[in-house]
Amino acid sequence: MKHRYEFIFFCLFFCVSAFPQSDGIIQCQPGSEISVPAWIAPGRPHVVAQLPCGQAVHVIDRGHFFAVSGYSSRPREYAKIQIEDKVAFVDAGYVSLSATPQRLMAKESKNFVAQKQNTAEMEEQKKWSILTRDDVRLRDEILLKPMYVHGPRTFSATLSNNSELPVSHLQLLVRLYDCSDRPKSDYSNCDIIGEAKPLVPASVPPGQTRRVMGSPLFEATPRVRGTFAWGYKVLGVRVE
């Protein structure tokens, strides 16, 4: 009867953590131990088995027990394990948990998302590498003044798609210049006062021509003291 009450006492003072069943491995201190005792109950001297280091165990639960019968008045964390048809308790510090199914699923999900992102990036890079600027031709280029102070300018041009694939976007490099005189062809007599790399939508079927428009934004552009000029070049062409 006394032992029965002590068993109930253990159950009442076991602070159970919501812990799914998992597998673990007995992990000893290097060079100091070859096995770990598994007790019939926390704080009881009776040993069910000596578990060799590296042995796989099935962990039922983990939590803090208050030992009784004068062995200890402080709670210690134990791992409740299954040994064949018996239940035993091991100091939790000797049990290294394996990855639970939930953790494995979370890891696999994370890897899947990363792989999906990498695939999407590769597909996007591929769309930018098929055509070159020689496959398109621009004419009637215009760069309008901003509608409000420090706002974006409007770039527009007529694009001819000379390829056999549809074009969806252009990547441009647009520069603003302050020139000492009439700008030279290489702008060697000009200071660069603004630079932008706008992505210009351009839905142009193969072998056709359309008007395209973008909105490059130039930040911290100083006041022009000489002659204003601008220029651009095509950095990339994206297919649909």
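Trp230 is partly exposed, with a relative accessible area of 22%. Here, buried means under 20% relative accessible area, exposed means over 50%, and partly exposed is what lies in between (1.4 Å probe, protein chains only). This is a predicted model, so a word on the ground rules: local features need pLDDT of at least 70, side-chain atom pairs count only at pLDDT 80 or more, and totals for chains, interfaces and linings use all residues. Residues are numbered from 1 along each chain as its sequence is written, and side-chain values use heavy atoms, with hydrogens and water left out.

Back to the rings. A pair of aromatic rings is described by the distance of the centres and the angle of the planes. Rings of Phe, Tyr and Trp (its six-membered ring) pair if their centres lie within 6.5 Å; planes under 30 degrees apart count as stacked, over 60 as edge-to-face and the rest as tilted. Searching the whole structure turns up four aromatic pairs. In one of them, Phe155 and Trp230 have ring centres 6.1 Å apart and planes at 85°, so that pair is edge-to-face. Strands (E, at least two residues) and helices (H or I, at least four) are DSSP runs, numbered from the N terminus.

What does Trp230 do with Tyr232? Their ring centres are 6.1 Å apart and the planes at 25°, so this pair is stacked. Together, Phe155, Trp230 and Tyr232 make up one aromatic cluster. As for accessibility, Phe155 is buried at 1%, while Tyr232 is partly exposed at 27%.

Strand 10 also holds Thr158, a buried residue at 11% relative accessibility. Its side chain makes a polar contact with the side chain of Arg211 (2.8 Å). A polar contact is a pair of N or O atoms within 3.5 Å; within protein, one must be able to donate a hydrogen and the other to accept it, and residues adjacent in sequence count only if both atoms are side-chain atoms. Leaving aside neighbours within four places in sequence, the residues in contact with Thr158 (heavy atoms within 4.5 Å) include Arg139, Asp140, Thr209 and Arg211.

Now for the charged side chains. How many salt bridges does the structure hold? There are three, a salt bridge being a side-chain nitrogen of Lys or Arg within 4 Å of a carboxyl oxygen of Asp or Glu.

| Salt bridge | N to O distance |
|---|---|
| Glu124 and Arg238 | 2.9 Å |
| Arg139 and Asp140 | 3.6 Å |
| Arg175 and Glu195 | 2.7 Å |

Take the salt bridge of Glu124 and Arg238. Glu124 lies in helix 2 (residues 101-129) and Arg238 in strand 15 (residues 227-239), so this pair ties together parts that are 114 residues apart in sequence. Glu124 is partly exposed at 32% relative accessible area, whereas Arg238 is buried at 13%.

Then there is the salt bridge between Arg175 and Glu195. It links distant parts of the chain, with Arg175 in strand 11 (residues 167-179) and Glu195 in strand 12 (residues 190-196), 20 residues apart. Arg175 is partly exposed at 28%, and Glu195 counts as partly exposed at 41%.

That leaves Arg139 and Asp140, whose side chains also meet in a salt bridge. Arg139 is partly exposed, with a relative accessible area of 34%, and Asp140 is partly exposed at 46%. Both residues are among the contacts of Thr158.
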